[in-house]
Amino acid sequence: MSRYEIRLSGAGGQGMILAGIILAEAALKVDGLNVTQTQSYGPESRGGASRAEVVLNNGIIDYPKVITPDCLLCLTQAAFDKYGSELKEDGVMIVDQRIDISEAAEEVKDNILSLPIMKTATEDVGLTLTANIVVLGVISEIIGNTIPSKNIKEAIKNRVPEKTVEMNMKAFELGQKLKQ
Amino acid sequence: MAVDIYKYLREDKLPHIWCPGCGHGTILNSLVRAIDQTDIDPDKTVVVSGIGCSGRAPGYLKFDTLHTTHGRAIAFATGIKLANPELNVIVLTGDGDGSAIGGNHLIHGCRRNIDLTVILFNNQIYGMTGGQYSPMTPTGAVATTSPYGNIDQDFDLVDLTRSAGATFVARGATYNPRQMTKLYKEGLEHKGFSFIETLDQCPVNYGRKNNIGGPTEMLDWQKEHTVPASKWEKMPEEEKEGIFPLGVIHRKDDPESEYTARYQQIIDSFAKEDE
Amino acid sequence: MSKKEAVLLQGDLAVVEGGMAAGAEFFAGYPITPASEIAEGFARELPKVGGKFIQMEDELAGMACAIGGSLSGKKSITATSGPGFSLKQENLGLGIMIEAPVVVVDVQRVGPSTGLPTSPSQGDVMQAKWGTHGDHPIIALSPSSVKEAFDLTVKAFNFAEKYRQPVILLLDEIVGHMREKVILPDADEIEVWDRKRPPADADKENFNPYEWTDDLVPPMPDYGTGFRYHTTGLFHDKTGFPRGTTEDAKKLMDRMTAKIENNLDEIILYDEDIREDDNIVVLSYGSTARSAVSAVNEARENGLNAGWIKLKTIWPFAEEKVSKLAEKANKIIVPELNQGQLIREVERAAKGQAEVVGINRYDGTLIKPEHVLAEIEGVK
């Protein structure tokens, strides 16, 4: 594949950076695929703004950060307001259903996928903290075989506490269904 | 029995740079006598100092010696000791070097209880730079930077080091070199952080300016203002004012709580895993 | 970590991996964003191999303690970021003066002062050279990727040991915090150098710790091996003792300078891709090099004659190389995440033979490839 850029934005404590790391680790196992993962965050461990980026490319990745995302996630209103206007022409923007997108720029409006991510995590999985894993399910469906879903699942298993693997698998699969 | 102190000295570096009547030479003398009374290997002994008159002491001593930056001797010594716990590491520091610019390193050396022997030359003044007041200069004393009398409170490093976790704390005075030797010896043999403050005289920059007099009068002053620690304990509070207890003030023997020993336990836990 | 397998590795942790591969035995430091991961990594790894880690009470103690570890014969390292690097300068100076091998990592963040703690910068380039007072030699290396962070950490240890010299490893927050897919080399593929120690049968009684050897790097005994030698931050003669003479001061400065200057071919590391007809050269280092290479590739696709050089060694500066580039090129573009620091050296080396243009950002944001491309195209 040629260069593909993913930006995950939300609040500190929502696991954006972890989700970025999981995606990057899943990409490791794909032959010939290079990956960089970067982040930007404030002083808060919880709250504040948090942004993780993943760049995928079969060739060498020179510039390591996202220039204009092919896939953008905004999990909070603040993240949407800040990053919601930057998207490739054929890109996909995933936003949580609670986010007000009425002010979205014309050129990105049709690319917005508004999904009940937080609701799924809180109500269906039973733990708000799993929202980042629900997101990975959604992204898995969007990027398809670039990174096979089994790689992402494997990477999740390696990263989350052992006791929560089952719950996180459920979150991932519910995320996939949201997009299907 | 006569002690050949010269085997521990770099004779070609003598005479030393210290002024006539200075107590630093007495401290050096007591230190090498103390070393002679222990069974520590001179080849495995490192002496570290900071900046100031005391900083020059290691240069006269025939060991591995390191003259560092101002106040940092304990930080360097910590690296030397932790990297090779076999070494006996001695820190020679002054009251300005050890309690002002190096005060934080002193506190944390104590807190770690790392096996260093720290001898603080307390002449109550910055001597090398010409007599500015230090944190140990008594309130009211005259120094070049306190021409109208020192308004700072002086503080008690024995109390400080004890509270910070040093496991051997003592005070000596240059008027009593035999006791100094004994205290240094005990400090050297103690496994853990040893702190020995030594009351010392600077006739040129302190005694003269504060009307105490020359070296002899300054030693008399020490004698008049100190009592054995055992006696001090029993003195009523009001009599303690301006009097310094001498001798071993605090001692806790617990070699396992020493820092490098504790770190070794972590290393050993990995070695066991490999077995 | 099993080798030869692709791993996702963070730049800060690549410093840890590189350090361990180079034989690091001692770390002393103080926590600071964005370098704390390096301390955390060494805290985990060192005791496993009998090495030591210590968190000191402040940054200057971290520098002092690392030098102490080195004097005891251990390969030593400390790590920090700009505010801590400022504090380390005092004891870094002592390390230079006593010729202690030690690696000092600075993961640069935006300054001055507390600045932007989690954002990248290349603002410490001049501080790495001139931060501690007085003239002095210094080696500073700057990686642009996670793999280079590994490789240059090994180099930093090797140079420190070989030349008895503190070596600065200048990362920036991007390289420090970025994770990349890398394949690390096996141990047998990594060249590791150790310091030169005096022979066991040396005459310890008459040993001169700062002897003028042919390579100008005196053999260094470990403390505790019976040499009983003196070390001081004062100017000293070959015996290690100060005499307070102007003659000794000049002699020591000249030797310390020459031990580096005589070995520029080995120390100055760079990558380049400059074709015969390229008349525009982008000179960069650290994370900025990523944008430079990307921009040059795009410019070439657009038919422009552009090339790039990426300095891995910043200090000593590749003066001769840049001078030669300037003879041929019309324009040298120097993108930097500062107000223009290394560009001064480029201008000095170019001696007016080529136009030297900076692209500068100092707000915590990376220079994007498009900005470099615009500057390249400006020539057309």
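**Close-up views of chains A and C**

**View 1. Two chains meet strand to strand.** Gln37(A) stands opposite Arg179(C) in strand S9 of chain C. Here S9(C) runs antiparallel to strand S2 (residues 34-41) of chain A, joined by 2 bridges; strands are DSSP runs of type E with at least two residues, helices are H or I runs of at least four, and both are numbered from the N terminus. Two strands pair if DSSP finds at least two bridges between them. This is a predicted model, in which local features need pLDDT of at least 70 and side-chain atom pairs count only at pLDDT 80 or more, while totals for chains, interfaces and linings use all residues. Residues are numbered from 1 along each chain as its sequence is written, chains are lettered from A in the order in which they are written, and side-chain values use heavy atoms, without hydrogens and water.

**View 2. The wider interface.** Chain C and chain A bury about 1,800 Å² between them, meaning accessible area (1.4 Å probe) lost on being put together, summed over both. Leu8(C), Arg179(C) and Lys181(C) lose the most area in chain C, together 36% of what that side buries. Helix H10 of chain C gives the most to this side, with 5 residues.

**View 3. An open sheet in chain C.** What is the order of the 5 strands in this sheet? They run S11-S13-S12-S15-S16, with mixed pairing. Strands S11 (270-273) and S16 (355-360) of chain C stand at the edges with a single partner strand each, so one side of each is left without a neighbour in the sheet. Within the pair S11(C) and S13(C), which is antiparallel over 4 bridges, Tyr270(C) stands opposite Leu311(C).

Definitions and conventions. Buried area = accessible area lost by both parts, 1.4 Å probe.
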